[in-house]
Amino acid sequence: MLAISERKNGANPMVPYLGKLVKVKDLAAEIKLFSVEMLDGGREAFSQYYPGQFAFLSAFGVGEAPFGIASTPERGPILDFAVNRLGSVTSELHLLGEGDIVGVRGPLGNCFPMDEFKGKDLIVLGGGIGGAPLRPVIHSVLDNREDYGDLTILWAARHPSLLVFSDEYEQWRSAPGTRLHLTVDQPDDLWDHNVGLITELLEKVSPSPKNAISITCGPPVMIYYASKLLEKLGFKAEQNYVTLEARMHCGIGKCGRCNLGEKLVCVDGPVFSMAEVGGLRESFL
Ligand SMILES: Cc1cc2nc3c(=O)[nH]c(=O)nc-3n(C[C@H](O)[C@H](O)[C@H](O)COP(=O)(O)OP(=O)(O)OC[C@H]3O[C@@H](n4cnc5c(N)ncnc54)[C@H](O)[C@@H]3O)c2cc1C
Ligand code: FES
């Protein structure tokens, strides 16, 4: 994989490529899915990338922010990003529509070792917008179904209106050897799935750690308590993968802004096994 800091043509790795928004759709309350067609040099830069990697999207005149890439190149050249509206950059991105141009810097960071996961059962835990970087994992497994064992997806949000990728659930559920469990903290009148925190659902589903890998992405509090519970269920630190977020500036290991102990989330991560980070302490919350 060619890191952005090693661009073949010697171009400045802090300068984004240009991409055209070919589709913008509401994914959940305050969350939009941006589908981006890369232009010019960006086509080659993003011709290959891997589940777990991220990129910076820039809204011109405002700034840039990092987002997990929510697509896989095997399904086509269009990049997907799920963007939760929070502050200045994400609010500006939410004002854009089809045909608008954004900056895209990446692909950045490491990725899930999908080859090492082959032949194993996978338990995927996604909380809220944390589901975005897990969608490529799910797509990769579904597109190469015979390479992996059972796939158990635990998918959570505070409210049904905040669940991401709900239009894909039937497809996920109907794939062989695949189970999808949904839960929300606050149900509405139509909700007929689980109610409660994802950790309660995890306790109920109680997946076996035998020949299994867990992959968790969500808010820090969810990652912390899910990891503790997975440990209680018998998952060893090297079986427990998480993707972590940090405040970032450069994204290429130069500014030190994203440090997590001795690791830099932007280049050593965002994917880590619990063995790599030595477990999570309460200060992580
Ligand atoms: C590797 C990585 C992958 C990410 N993937 C996604 C994704 O797929 N979808 C998505 O919507 N968001 C994702 N994020 C978070 C996203 O980068 C922030 O929400 C974004 O930077 C906010 O920018 P802003 O200018 O709109 O907000 P700001 O104006 O900078 O801040 C608004 C609020 O957001 C908080 N905030 C800002 N940056 C971060 C951050 N990096 N992590 C946590 N809180 C932050 C601030 O503390 C503040 O409360 C990811 C972050 C990282 C590091
Ligand atoms: S964001 Fe600069 S070192 Fe990670």
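Visitor: How many salt bridges are there between domain 1 and domain 2?
Guide: Three. Keep in mind that this is a predicted model.

Visitor: Which residues do the two domains cover?
Guide: Domain 1 runs over 17-108. Domain 2 takes 114-277. Their centres, taken over C-alpha atoms, are separated by 21 Å. The contact involves 23 residues from domain 1 and 26 residues from domain 2.

Visitor: How much area do domain 1 and domain 2 bury between them?
Guide: About 1,900 Å². Carbon and sulfur atoms carry 61% of that.

Visitor: And how many residue pairs are in polar contact across that interface?
Guide: Six, with both residues at pLDDT 80 or more.

Visitor: Which strands supply the side of domain 1 that touches domain 2?
Guide: β1 (17-28), β2 (31-38), β3 (54-59), β4 (63-68), β5 (79-84) and β6 (101-108) each give at least two residues. The largest share comes from β5, with four residues. Sorted by class, that side of domain 1 has 14 nonpolar, four polar and five charged residues.

Visitor: Back to salt bridges. How many are there in the whole structure?
Guide: The search finds eleven.

Visitor: What does R75 pair with?
Guide: R75 forms a salt bridge with D143. Their closest N and O atoms are 2.8 Å apart. R75 sits in the loop between β4 and β5, while D143 belongs to helix α4 (residues 135-143), so the pair ties together parts 68 residues apart in sequence.

Visitor: What about the rest of α4: buried or exposed?
Guide: Mostly covered. Eight of the nine residues in α4 are buried. Among them are R135, P136, V137 and I138. H139, S140, V141 and L142 are also on the buried list.

Visitor: Which residues are linked with R135 in a network of salt bridges?
Guide: D80 and E168.

Visitor: What does K25 meet in a salt bridge?
Guide: The side chain of K25 meets that of D167, at 2.9 Å from N to O.

Visitor: And what is the partner of R173?
Guide: E170. The N to O distance is 2.6 Å. R173 and E170 both lie in helix α5 (residues 169-174), three residues apart, about one turn of the helix.

Visitor: Why does that spacing matter for the direction residues point?
Guide: An α-helix has 3.6 residues a turn, so residues three or four places apart point the same way.

Visitor: How exposed are R173 and E170?
Guide: R173 is partly exposed at 28% relative accessibility. E170 is exposed, with 53%.

Visitor: Which residue does K118 form a salt bridge with?
Guide: D115, with the closest N and O atoms 3.0 Å apart. K118 counts as partly exposed at 38% relative accessibility. D115 counts as exposed at 59%.

Visitor: New topic. Where does N194 lie?
Guide: In strand β10 (residues 194-195). N194 counts as buried because its relative accessibility is 18%, and buried means under 20%.

Visitor: What does N194 touch?
Guide: L182, T183, V184, L201 and K204, leaving aside residues up to four places away in sequence.

Visitor: And where is S206?
Guide: S206 lies in the loop between α6 (198-205) and β11 (212-217). S206 counts as partly exposed, at 39% relative accessibility.

Visitor: How far apart are S206 and L229?
Guide: In sequence, 23 residues. In space, 9.5 Å from C-alpha to C-alpha.

Visitor: Last one. Where is the place of R281?
Guide: R281 is in the segment after α9 (274-277). R281 counts as exposed, at 56% relative accessibility. The C-alpha atoms of R281 and Y224 are separated by 8.1 Å, and the two residues are 57 residues apart along the chain.

Definitions and conventions: Residues are numbered from 1 along each chain as its sequence is written. Chains are lettered from A and ligands numbered from 1 in the order in which they are written. This is a predicted model: local features need pLDDT of at least 70, side-chain atom pairs count only at pLDDT 80 or more; totals for chains, interfaces and linings use all residues. Side-chain values use heavy atoms; hydrogens and water are left out. Buried means under 20% relative accessible area, exposed over 50%, partly exposed in between (1.4 Å probe, protein chains only). Contact means heavy atoms within 4.5 Å. Domain bounds come from an automatic or database domain assignment. Buried area is the accessible area (1.4 Å probe) that two parts lose on being put together, summed over both. A salt bridge is a side-chain nitrogen of Lys or Arg within 4 Å of a carboxyl oxygen of Asp or Glu. A polar contact is a pair of N or O atoms within 3.5 Å; within protein, one must be able to donate a hydrogen and the other to accept it, and residues adjacent in sequence count only if both atoms are side-chain atoms. Ala, Val, Leu, Ile, Met, Phe, Trp, Tyr, Cys and Pro count as nonpolar, Asp, Glu, Lys and Arg as charged, and the others, Gly among them, as polar.
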